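Here is a short briefing for a reader new to this structure. Take a look at the chain before going on to the points below.

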Amino acid sequence: MTDRVAIVTGGLRGLGRGMALGLAASGVRVLAVGHLPEDVAAMEGTPNVRPMIADLRSPAACDTVVAEALSAFGRIDILVNNAGLTFTYIDPARFRREKPRKFWEVKDEVIQNVMDTNYVAADQMGRRVAPILVNQGWGRIVNVTTKLDTMNREGSVPYGSSKAALEMTTEIWAKEAAGSGMTVNIVNPGAGANTPGMNQELKDWSREG
């Protein structure tokens with residue numbers, strides 16, 4: 001793995017940070033992409049990790065990320081699509097055992113931001129990186145989703161919808177990549193991430209329970 005280069009989106013905190021650090025410890029050079037300056041500062045100086053800020057909802061930002069990886073490391077071998085907005089953004093009350101919002105109560109901007117971050121950004125990154133991986137005859141794309149009973153439970157719109165879209169996209173990509181040397185897979189963590197927002201919500205939930 002010492003000759004490999006990975007892009008990890010959402011790679012500066014929580015699960016993404018853990019993935020970036022794990023890859024780096026294995027000798028992979030990692031471009032870890034996030035959206036907060038303080039997260040970049042916390043990751044700076046980590047061996048084999050180059051942190052950067054980008055809003056991956058923007059196609060131009062995705063172009064910039066790919067260009068940065070090629071400029072800094074000379075190649076791309078792995079893409080981990082982990083960036084996402086979760087229930088702590090959509091409906092924090094879910095973690096306090098309050099009644100979740102109905103789908104008709106969710107605002108347009110929330111729907112748009114979640115779909116753009118969780119699905120569209122992953123799609124944009126995948127379509128930019130895949131030709132590189134196919135042309136070199138080896139590559140890995142990993143899309144981070146969630147378990148089925150999180151996708152389809154009440155109050156999961158639009159989070160569950162975005163992850164369901166990404167799972168179906170992953171299946172299609174995997175079929176179309178067959179024989180190319182590039183594989184496309186899903187990682188389903190199946191549990192809450194260790195992030196400041198999630199931790200606070202779970203603490204609140206514990207005190208109430």
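**Briefing: a bridge, a cavity and some local features**

Asp-39 and Arg-13 join their side chains in a salt bridge, at 2.9 Å from N to O. Asp-39 belongs to helix α2 (residues 37-43) and Arg-13 to the loop between β1 and α1 (14-25), so the pair ties together parts that are 26 residues apart in sequence. The model shown is a predicted one.

**The chain as a whole**

- The chain's secondary structure comes to eight helices and six strands.
- Starting at the N terminus, the elements run β-α-β-α-β-α-β-α-α-β-α-α-β-α.
- The chain has 209 residues, and buried residues make up 44% of them.

**Salt bridges**

- How many salt bridges does the structure hold? The structure holds eight salt bridges.
- In the pair of Asp-39 and Arg-13, Asp-39 counts as buried because its relative accessibility is 10%, under the 20% cut-off.
- Arg-13 counts as partly exposed, at 30% relative accessibility.
- Another salt bridge joins the side chains of Arg-4 and Asp-77, at 3.4 Å from N to O.
- This pair of Arg-4 and Asp-77 links distant parts of the chain, 73 residues apart. Arg-4 is in the segment before β1 (5-9), and Asp-77 is in the loop between α3 (59-73) and β4 (78-81).
- Is Asp-77 buried or exposed? Asp-77 is buried, with a relative accessible area of 0%.
- Asp-123 forms a salt bridge with Arg-127, and their closest N and O atoms are 2.8 Å apart.
- Both Asp-123 and Arg-127 lie in helix α5. They are four residues apart, about one turn of the helix.
- Asp-123 is buried, because its relative accessible area of 15% falls under the 20% cut-off.
- Salt bridges with shared partners join Arg-4, Arg-75 and Asp-77 into one network.

**The cavity**

- How many cavities of 30 Å³ or more are there? The count comes to one.
- The volume of the largest cavity is about 50 Å³.
- Residues that line the largest cavity include Thr-9, Leu-56, Asn-81, Asn-82 and Ala-83. Also among them are Thr-117, Asn-118, Ala-121, Ala-122 and Met-125. Lys-163 and Leu-166 belong to the lining too.
- Which elements give two or more residues to the lining of the largest cavity? They are α5 (108-136) and α7.
- The most comes from α5, which gives five residues to the lining of the largest cavity.
- By type, the lining of the largest cavity divides into six nonpolar residues, five polar and one charged.

- Thr-169 has its place in helix α7.
- Thr-169 counts as buried, at 10% relative accessibility.
- Thr-169 and Ala-122 are 47 residues apart along the chain, and their C-alpha atoms are separated by 9.7 Å.
- Ala-122 is one of the residues that line the largest cavity.

- Where is Val-157? Val-157 is in the loop between α6 (148-151) and α7 (159-177).
- Pro-158 lies in the loop between α6 and α7.
- The peptide bond from Val-157 to Pro-158 is cis, with omega near 5 degrees.
- Val-157 is partly exposed, with a relative accessible area of 31%.
- On the surface, Val-157 forms a nonpolar patch with Phe-103 and Trp-104. Together, Phe-103, Trp-104 and Val-157 have about 370 Å² of accessible area.

**Backbone at Asn-48**

- Which value does phi of Asn-48 take? Phi of Asn-48 is near 70 degrees, a positive value in a residue other than glycine.
- Asn-48 is in the loop between α2 and β3 (49-53).
- At 34% relative accessibility, Asn-48 counts as partly exposed.

How values were computed
Residues are numbered from 1 along each chain as its sequence is written. This is a predicted model: local features need pLDDT of at least 70, side-chain atom pairs count only at pLDDT 80 or more; totals for chains, interfaces and linings use all residues. Side-chain values use heavy atoms; hydrogens and water are left out. Patches are made of residues with over 30% relative accessible area and no salt bridge: like charges are joined within 9 Å, nonpolar side chains (Val, Leu, Ile, Met, Phe, Trp, Tyr) within 5 Å. Accessible areas come from the Shrake-Rupley method with a 1.4 Å probe; for residues, only the protein chains shown count as cover. A salt bridge is a side-chain nitrogen of Lys or Arg within 4 Å of a carboxyl oxygen of Asp or Glu. Buried means under 20% relative accessible area, exposed over 50%, partly exposed in between (1.4 Å probe, protein chains only). On a 1 Å grid over the protein atoms alone, a cavity is a set of points where a 1.4 Å probe fits but cannot get out, and a pocket is an open set with protein on both sides within 12 Å along at least five of seven lines; lining residues have an atom within 4 Å of a point. Grid points are joined across faces, edges and corners, and a volume is the space filled by probe spheres set on the points. Ala, Val, Leu, Ile, Met, Phe, Trp, Tyr, Cys and Pro count as nonpolar, Asp, Glu, Lys and Arg as charged, and the others, Gly among them, as polar.
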